[in-house]
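Please open the structure in your viewer, switch to a cartoon view, and keep the selection tool at hand. The tour moves from one selection to the next and says what can be found at each stop.

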Amino acid sequence: MSISSFIIKRAVPLPKVEDFSHYLFVGPHPDDIEIGAGATIAKLTDMGKKVSFLICLDGRFGLDYAPKGTTSDELAKIRKEESLKAAENLGVSDVRFLDLSDGGLYDPKDLYDRMAKAVGEIKPDIIFGPDPVVSSECHADHLNVGEAVRRLGFFAHIGEIMEAYGSEAAPIKAVAFYMTAKPNRFVKTSKYIQKQLSAILCHESQFPKDSDAFASLKTYIGVRAFDFGLRSFKGKAEGFRILGGTHMHCLPEAGI
């Protein structure tokens with residue numbers, strides 16, 4: 001760690017995930033939010049925090065485990081129903097959909113415009129998305145959604161900019177990324193992992209209970225929770241890369 005980075009991190013501490021009132025979790029597809037942050041969301045709603053979901057794409061091409069003969073249009077409807085059920089399982093009632101096609105078959109500008117309008121309506125204090133700065137991530141949908149979240153995390157509080165997107169300013173104080181290789185804040189989630197797994201199982205078209213897909217995911221989530229818990233001395237945990245308003249611009253020494 002450089003001297004500059006050391007000083008910045010102490011002069012301007014990173015926000016703590018649990019310190020906000022209204023949270024917006026943005027998912028590329030149905031199920032991504034639950035996989036990336038489900039245990040944390042269960043904890044936040046248990047704490048009485050307000051949590052909203054915004055699901056950008058319809059997941060129509062995830063047909064591997066869908067019933068034989070299911071069309072992509074039919075799957076899109078199924079996955080929306082599964083998303084609502086999973087959110088309810090985690091204590092979330094405000095779930096919104098942008099209804100863009102899975103598979104990168106959309107204009108990224110349209111994605112950004114629609115997301116900006118939704119953010120202006122929801123007005124969260126903090127916005128979460130998949131980390132777009134991960135060297136191994138090759139899925140265009142995750143990269144596009146994460147990048148849109150990153151840009152809006154910085155611009156959303158500026159009324160004139162949001163007006164250009166037909167939206168309103170949102171009082172975003174921080175942006176955070178799940179599915180990240182560089183977490184800098186951890187949330188103790190030991191009590192909530194089972195609830196996260198139950199929410200994932202609501203996505204039956206993707207993770208049938210007795211499937212290899214769910215078994216592998218369950219193992220991964222367990223190992224990740226142990227790893228993040230070990231790093232943060234929190235037992236079992238989820239990790240996020242979080243940036244406060246001061247860290248988002250012209251501070252490469254923040255090292256995040």
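Begin by selecting strand 2, residues 50-57, together with strand 3, and you will see two strands that pair in the parallel sense over 5 bridges. To look at a single one of these links in this predicted model, pick Ile-55, whose bridge partner in strand 3 is Phe-97.

Now widen the selection to the whole sheet, which is open, has 7 strands in the order 3-2-1-4-5-7-6, and shows mixed pairing. Strand 3 (94-100) and strand 6 (185-188) stand at its edges, and because each has a single partner strand, one side of each is left without a neighbour in the sheet. If you turn the view, you can follow how neighbouring strands are turned against each other by 25° on average, with direction ignored.

Then select helix 4, residues 108-122, which lies across strand 1, strand 2, strand 3 and strand 4 (126-130) and runs at about 160° to strand 3.

For the last stop, which residues are the closest to the centre of the second largest pocket? This pocket has a volume of about 260 Å³, and of the 15 residues that line it, those to select are His-29, Asp-31, Asp-32, Arg-79 and Gln-206, the closest to its centre. Colouring the lining by class gives 4 nonpolar, 6 polar and 5 charged residues.

Notes. Residues numbered from 1 in each chain as written. Predicted model: local features only at pLDDT ≥ 70, side-chain atom pairs only at ≥ 80, totals over all residues. Heavy atoms only, no water. 1 Å grid on protein atoms, 1.4 Å probe; cavity = no way out; pocket = protein on both sides within 12 Å on 5 of 7 lines; lining within 4 Å. Points joined across faces, edges and corners; volume = space filled by probe spheres on them. Nonpolar A, V, L, I, M, F, W, Y, C, P; charged D, E, K, R; others polar. Pairing = 2+ DSSP bridges. Helix = DSSP H or I, 4+ residues; strand = E, 2+ residues; numbered from the N terminus. Axes fitted to C-alpha atoms, helices over the stretch in contact; angles between N-to-C directions. Contact = heavy atoms within 4.5 Å.
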